[in-house]
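Me: I am learning how terms are applied to a protein model, and I would like to ask about some of them. Could you set each value against its definition?

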Amino acid sequence: IGATVPEPRQNDPDTLARQIVEKLTYSIGKHPEQARKYDWLRATTLVVRDRIIDHWFASTDRIRASKDKRVYYLSMEFLIGRLLRDAINNLQLTQPIGEALKRYNVDLDMVELLEPDAALGNGGLGRLAACFMESMASTGVPGVGYGIRYVHGFFRQEIAEGAQVELPETWLVHGNPWEFERRESSYEIGFGGKVMTQQEPGKPPRQVWRPAERVLAVAFDTPIVGWRGEQVNTLRLWSAQAIDPILLDAFNSGDHIGALVESNKAEAITRVLYPADSHQAGQELRLRQEYFFSAASLQDIIRRHLGENDSLDNLAEKVAIQLNDTHPAVSVAELMRLLVDVHGYDWAKAWTITRATFGYTNHTLLPEALEHWPINLFERLLPRQMQIIYQINADIIRQASQDKGFDGAQISAISLIDEGHGRRVRMGQLAFVGSHAVNGVSALHTELMKETVFQNLHQLYPERIQNKTNGVTPRRWLMECNPGLTGLLTDAIGPRFLDDIEKLADADPLADDAAFREKFAAVKRANKARLADVISDRLAITLDPDAIFDIQVKRIHEYKRQFLNIIEAIALYNQIRAHPEKSWTPRVKIFAGKAAPSYVQAKEIIHLANDVARLINSDPAVRDLLKVVFVPNYNVSLAEIIMPAADLSEQISTAGLEASGTGNMKFALNGALTIGTLDGANVEMLEHVGEENIFIFGLKADEVAQRRREAHSGRSIIERTPLLREALDAISTGVFAPESPARYHTLVSNLYNNDWWMICADFEAYWKTQRSLDSLFLDQNAWQSKAVHNTARMGWFSSDRSIREYAKDIWQAGPGKVT
Ligand code: 26Y
């Protein structure tokens with residue numbers, strides 16, 4: 001229509017300062033003199049956003065013109081955190097914006113801290129999705145993220161009298177300047193109803209789904225800025241709305257509540273994130289969420305494809321869809337429905353297209369976290385998709401028994417229907433058979449997938465499982481969270497690592513350079529002092545920045561073994577009290593993390609950490625030798641302060657149970673040493689940093705499996721290990737909870753009777769390794785040299801590398817694509 005996009009904006013401080021005031025005046029309606037802190041945040045965000053939009057249009061136009069294959073990342077969770085600093089950093093505007101704001105006596109760091117955290121995820125899987133979005137933009141992959149625009153993200157955690165309290169999270173209350181509502185991209189999503197067979201003369205019969213309910217999925221787009229702003233991708237989140245916002249007949253006849261029932265029911269779908277990451281609740285609303293965002297995304301993908309292509313025949317050549325765990329796995333059945341029922345493809349052709357289009361990433365082997373839906377519920381909500389699943393299942397089973405001679409046990413292992421515990425649909429099997437590539441998230445986890453949950457499917461499709469070890473984005477997890485270290489590295493090895501993080505290796509020889517080590521240690525100390533300030537403000541606990549900062553932050557789960565860490569703290573406390581004359585290395589043990597609200601044992605572990613902290617921190621006998629801190633409300637923003645401040649990173653899961661871990665990578669990248677088990681990506685970290693620079697202890701995955709088969713219990717170990725016994729006695733006799741001495745009875749008796757998580761089995765090895773770290777810390781030259789090696793050798797764990805592997809091996813898309 002002849003309209004031109006405005007000239008790209010100038011990025012000098014004068015222009016930026018002028019534009020910030022313009023936004024304050026004309027978009028916010030405030031005179032600069034009257035502007036409050038939040039007004040400055042909003043004005044700054046709008047100025048940055050204008051620049052993003054320029055790049056966004058350019059990227060979208062370029063991708064559309066190139067007709068390149070697009071990648072769609074379907075995820076129930078995107079744990080994004082704040083976006084302003086990320087955008088400013090990636091657009092290289094940190095310096096000029098800081099200067100522009102300074103002219104009005106406003107501090108950029110202060111402004112950035114006001115932004116609410118977008119916490120649309122639980123933990124690792126959601127944060128990985130956020131890192132992947134940033135890395136796709138940074139590596140030039142034309143990627144679109146699809147997810148849910150939860151009104152309430154992950155709950156806010158408070159600690160009251162030592163226990164976790166969950167409060168609603170309200171990130172949208174002040175509006176969200178990063179999102180653009182796209183009313184034109186809305187789709188109807190059906191639920192329930194029935195399936196009819198339609199017979200037109202001369203044609204094969206067709207199934208037609210007549211849903212009983214329909215809701216509207218409305219798109220909200222957030223731009224995701226890649227490194228140096230060269231590419232801006234889109235995160236499209238769906239919000240549910242009623243098709244009729246109000247039932248006027250009901251309203252007019254006086255039923256004012258009833259008039260809104262439909263609307264409330266629809267909006268409930270995207271109201272709140274489920275806060276459990278390890279136990280499937282099996283609730284109808286969750287299945288509605290899964291189908292809602294899968295179906296909306298597929299309609300959107302197909303509409304876009306048909307806007308640029310003649311048919312869906314070439315869908316798999318132009319589209320790759322990655323399923324982030326099984327949460328969007330119903331997409332497999334839904335795409336089949338769209339191809340067969342709506343677009344008239346025959347079954348076999350539709351199946352070929354579907355399978356070539358999808359990839360599936362598995363993030364857990366824990367049986368209790370694997371999704372399976374009761375057939376009755378599935379059938380009632382998604383009757384046609386249920387029929388399709390039966391048909392897929394019949395095909396797979398026929399193939400397995402005819403071609404591979406599978407026996408009954410093998411067939412029931414691969415079946416999409418679990419006949420064991422009330423009939424259920426197994427979403428893992430559905431995702432697996434509907435994808436051409438299935439990947440694990442670390443080398444060990446991928447091998448265990450082949451041996452355990454997917455053993456039989458792996459036999460049937462031996463080429464399908466591959467490994468894609470996780471990574472983290474070095475923009476957020478080094479440059480933005482640790483400007484001190486980034487500056488030091490830039491001075492020392494030049495800026496090349498900013499564009500290619502594996503060039504961090506250039507810093508490796510500096511481990512032997514005493515002057516560099518000192519500067520490296522000084523940066524770490526400043527980061528520790530900053531964390532100590534935060535803890536002092538929030539909890540009124542004083543920490544000594546010269547003590548070892550020993551940190552475990554992650555979701556609270558039995559397999560992650562925060563309990564082992566707490567027991568070690570108690571044993572250390574007992575030893576310090578018993579031997580005050582020995583030279584103890586001062587240590588601060590820091591914990592943070594949330595428990596699923598319904599996970600009783602995890603909540604007890606939080607309570608115990610707080611009870612232990614209260615007693616130890618108030619005991620003058622240990623003075624500054626040991627402090628224990630539980631920092632409430634762990635989230636992405638808190639992680640950005642914590643990661644750079646750690647000396648020691650705790651990655652101590654029971655071997656075989658942590659699929660990868662990504663916190664382990666963030667800590668080591670920022671120069672922490674790791675104490676950990678041979679689990680998840682720790683195994684590969686060991687290979688990269690070298691065994692002298694990481695502290696590995698404990699049983700290996702096969703040994704854990706073996707002990708579990710032997711019905712291992714902790715009793716005999718406890719009886720012969722005084723350090724452990726005394727610590728457990730203290731817990732179970734109520735030393736830490738005098739007001740309720742039986743509080744931790746079950747927690748402790750489980751160790752005696754069972755020790756499922758191998759806490760007793762690994763205690764002694766853990767204790768010894770910790771004490772060797774005490775000694776090492778006294779030799780700061782040796783410690784800092786290892787710390788430098790960690791940073792220098794962690795480049796491979798960038799999510800840029802992960803994304804390049806996905807692009808090449810699974811998606812055949814992006815720069816250097818194979819198509
Ligand atoms: C089905 C529901 C109960 C559910 C919801 C969320 C199940 C699982 C999850 C989330 C799982 C998760 O976050 N897994 C983590 O994924 C990370 C990224 O791959 C891994 O680093 C980490 O080891 C794994 O626990």
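Me: What separates the centres of domain 1 and domain 2?
Reply: In this predicted model, the centres, taken over C-alpha atoms, are separated by 36 Å. Domain 1 covers 67-82 + 117-469 + 804-811 and domain 2 covers 541-782, with bounds that come from an automatic or database domain assignment. The contact (heavy atoms within 4.5 Å) takes 33 residues from domain 1 and 33 residues from domain 2.

Me: What should I know about the numbering and the values?
Reply: Residues are numbered from 1 along each chain as its sequence is written, and side-chain values use heavy atoms, with hydrogens and water left out. Local features need pLDDT of at least 70 and side-chain atom pairs count only at pLDDT 80 or more, whereas totals for chains, interfaces and linings use all residues.

Me: Why is R384 called buried?
Reply: Buried means under 20% relative accessible area, exposed over 50%, and partly exposed in between (1.4 Å probe, protein chains only); R384 has 6% relative accessibility, so R384 counts as buried. Not counting residues up to four places away in sequence, R384 touches V195, Q207, W209, R337 and D341.
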